[in-house]
Amino acid sequence: MSHSLEKRSESDRGGEKMTQRVDNSSDSDSEEEPITEEELAKLKEEVEEKKKLIATLRNKPWKMKKKLSVLKEAQLFVEKFEGALGKGKGKKFYAYKVMMTKKWMKFQRDFENFKTACIPWEMKIKEIESHFGSSVASYFIFLRWMYGINMILFGLTFGLVMVPEALMGKPYGSLPRKTVPRAEEASAMNFATLWDFSGFAQYSVLFYGYYNNQRTIGWLKFRMPLSYFLVGVGTIGYSFMIVIRTMARNANEDGGGDDTSFNFSWKMFTSWDYLIGNPETADNKFASITTSFKEAIVEEQESRKEENIHLTRFLRVLANFLALCTLAGSGYLIFFVVRRSQKFALEGLENYGWWERNEVNMVMSLLGMFCPTLFDVISSLENYHPRIALRWQLGRIFALFLGNLYTFIIALMDEINLKLEEEKIVKYNMSIWEASLYNGTIPENSTAPPIEVDPADVPRGPCWETMVGQEFVRLTVSDTMTTYITILIGDFLRAVFVRFFNYCWCWDLEYGFPSYSEFDISGNVLGLIFNQGMIWMGSFYAPCLPAINVFRLHTSMYLQCWAVMCCNVPQERVFKASRSNNFYMAMLLFILFLSTLPAVYTIVSIPPSFDCGPFSLSIYYLNATSKSYKEANLELKKKLQSQAEENKRRNKQKAQKSNEQEENPFETEPPQTKQKGKQDESTPNQDNKKGQGDNEAKKTDQPQEASSSQAFQHPGPAPNGHYALQTRGGNLPPPSIAVTRPPGPRGYGMLGYPPGNPRFPGAQPGMPRGPPNYR
């Protein structure tokens, strides 16, 4: 130890001499003698020793005060004499290069800190992670990611749909679809009406029905229907792309796995960051290290746990049975409420109060609030690892929300069918109204200017697209309000009660009942996912939904961060979340697919309203055209099948006749058979030439009883006014089409045609010829 100190003192004295030498040379004139090679070598050796000391100073067994003083002296020495290692004219350039390198490194560090500071809510999430673990922090990271996605969707709908219609479209009051009806004007601005998204909110750019079906609008000739459709398709396409891309990136980052060898030793001796100088950052780091030890202890306990396998299986089966009963009861309750809402809609919602009008939305929100808590109680029976228990919890809540969502969609389908029936009645009433309007005001033979009617007085259809958009907006708003009320009552007021009444209560409220609440990871994650599913499903009918969701996520971040830090406590069994959120992303991708199906079905299969929205011409026309093409294809398929069966039967008859004549080639034909054969030769096959269809085919299937004697008994004019032709075979009816080729001779010398068979391949022996009237 003394030898190292003596060596250090000698090096310091040499450094001081060299310092004086360099200082004197810098203070003298520019023409002074330069430093010798020996002095430069010693200076280089001193600089290298100082650099090595700086690199290994952390491992020295010295006090922190001594370490800091030695570090400061070494850094000053290196910074001052490192530039003197150059030679001649290169000295200044080397010093400038070293200085710029240091400044560049400092700029990189500052820029990295600036980028970290620019990430929204990064410091808040780090603080939450240090106190509550990575599992709770993963929810807020997922929330921030969802916020970025919805900002993109909001930019698309706001910039390409809502703003062009508001600036370049026809103003309010110019068309019936842009005007509040006369009967609703008195209450159009009431708070209750606006809160229900009716009145002026309904007849605005917030909903589908306000947009006009003109091909172009404004002086820019902006194609609004095309933009509306492409934004809807682009929203779904971009969402699929970004979710799949995020899952692929997380999978690549998670491919190496975690190294758990000597886990506690690594955490004990390498967790602290000695460069921390901020007290608040130091507190967060201390809390983070403590939480990481808790996570590691839980992982070690789960790996060494021994359990009674039979009891565990019984409890898990019981837990699954209770969960299924809860899901079934929730589904039945929603079905019952939906049937009640349909009854209320038929009788008229204006006759009922606020609860009856919003019963479906409120029941769904309440189920989403209380059922996850019940599932959490049920999961305590299973004794799973916390990470596995979280996934089971997520799966059950996912099934609950999915059943609720699709029950809601089925209810909407029923309402859409009612609206379509109402639309037919409105169309009929509008035709009567227009006829009565013109017949009552204009004489029959007068020429007058067209009648001007105020748009508020014009009858209009129910516009089921706007109704669907209103339902999704109401459900989103009610779900948001339920979440905020749950935070304020279930977390804040509960924490206040426990904090201030703990001193005067019979038992310890903090460690007993009710205690402080824990952060519900599964419920909050599933709430985010299904709320996003409603946005994807309803944004085509309500372009304002992405904007509402951006506001919801923005406020939720601040409110939930405050609630976690002030009202919640860490979980009793803190566990380490996976480094990726692929489990969340997989559920989000699944709900994106399920949300796309109803939207695509309603767009393609259900005809749009005739007097609202940008597609009140085009999509209805395409839908009608596709239906007509489908019917034509079915009819053509039937005709082709019947024609194939007819050809098969004719070929079979022809083959049988050929076989019979090959067996008896020299058999003489009776006169009547020859006459019939000649008639067959003189008249072409009507089924192949004229295409009479299935009726002709059916008639040919029946046996023909007409004889040659009956043919000779009608030499006069036929019922259609034509006279019969006089031929070799007697009086034959005229052909249905002109014969362009005379019949050829018959005989045994005709190759390829047995005796008694006609030359035309389409005609069959013994088949009647001529129009159906002569058969």
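This is a predicted model: local features need pLDDT of at least 70, side-chain atom pairs count only at pLDDT 80 or more; totals for chains, interfaces and linings use all residues.
Let's start with helix 16 (residues 521-538) and helix 17 (residues 545-567). Two packed helices are described by the angle between their axes and the distance between the axes. Here the axes come within 10 Å and cross at roughly 165 degrees. Angles over 145 degrees count as roughly antiparallel, and helix 16 and helix 17 are therefore roughly antiparallel to each other. Their crossing is left-handed.

Which residues make up the contact of helix 16 with helix 17? On the helix 16 side you will find Asn524, Leu528, Asn531, Gln532, Met534, Ile535 and Gly538. They meet Leu545, Pro546, Asn549, Arg552, Leu553 and Gln560 in helix 17. By residue class, the contact holds 6 nonpolar, 6 polar and 1 charged.

Next, follow the chain into the loop between helix 16 and helix 17, where Phe540 and Tyr541 sit. A pair of aromatic rings is described by the distance of the centres and the angle of the planes. The count for this model comes to 32 aromatic pairs. One of them joins Tyr228 and Phe540 edge-to-face, at 5.4 Å centre to centre with 85 degrees between the planes. Tyr228 belongs to helix 8 (residues 224-253), so this pair links distant parts of the chain, 312 residues apart. Both Tyr228 and Phe540 are buried.

Tyr541 has a ring partner too: with Trp464 it forms a tilted pair, 5.9 Å centre to centre and 55 degrees between the planes. Trp464 is in helix 15 (residues 464-501), and 77 residues separate it from Tyr541. Trp464 and Tyr541 are both buried.

Finally, have a look at the backbone. Most residues other than glycine have a negative phi. Cys463, however, has a positive phi near 55 degrees. This residue is found in the loop between helix 14 (386-441) and helix 15. Is Cys463 buried or exposed? Its relative accessibility is 8%, so Cys463 counts as buried.

Ser515 also has a positive phi, about 65 degrees, although it is not a glycine. You can find Ser515 in the loop between helix 15 and strand 1 (517-518). With a relative accessible area of 16%, Ser515 is buried, as the cut-off for that class is under 20%.

Definitions and conventions: Residues are numbered from 1 along each chain as its sequence is written. Side-chain values use heavy atoms; hydrogens and water are left out. Axes are lines fitted to C-alpha atoms, for helices over the stretch in contact, and angles run from 0 to 180 degrees between N-to-C directions. Helices (H or I, at least four residues) and strands (E, at least two) are DSSP runs, numbered from the N terminus. Angles under 35 degrees count as roughly parallel, over 145 as roughly antiparallel, 65 to 115 as roughly perpendicular and the rest as oblique. A crossing is left-handed if the near helix is turned anticlockwise from the far one by less than a right angle, and right-handed if clockwise. Contact means heavy atoms within 4.5 Å. Ala, Val, Leu, Ile, Met, Phe, Trp, Tyr, Cys and Pro count as nonpolar, Asp, Glu, Lys and Arg as charged, and the others, Gly among them, as polar. Rings of Phe, Tyr and Trp (its six-membered ring) pair if their centres lie within 6.5 Å; planes under 30 degrees apart count as stacked, over 60 as edge-to-face and the rest as tilted. Buried means under 20% relative accessible area, exposed over 50%, partly exposed in between (1.4 Å probe, protein chains only).
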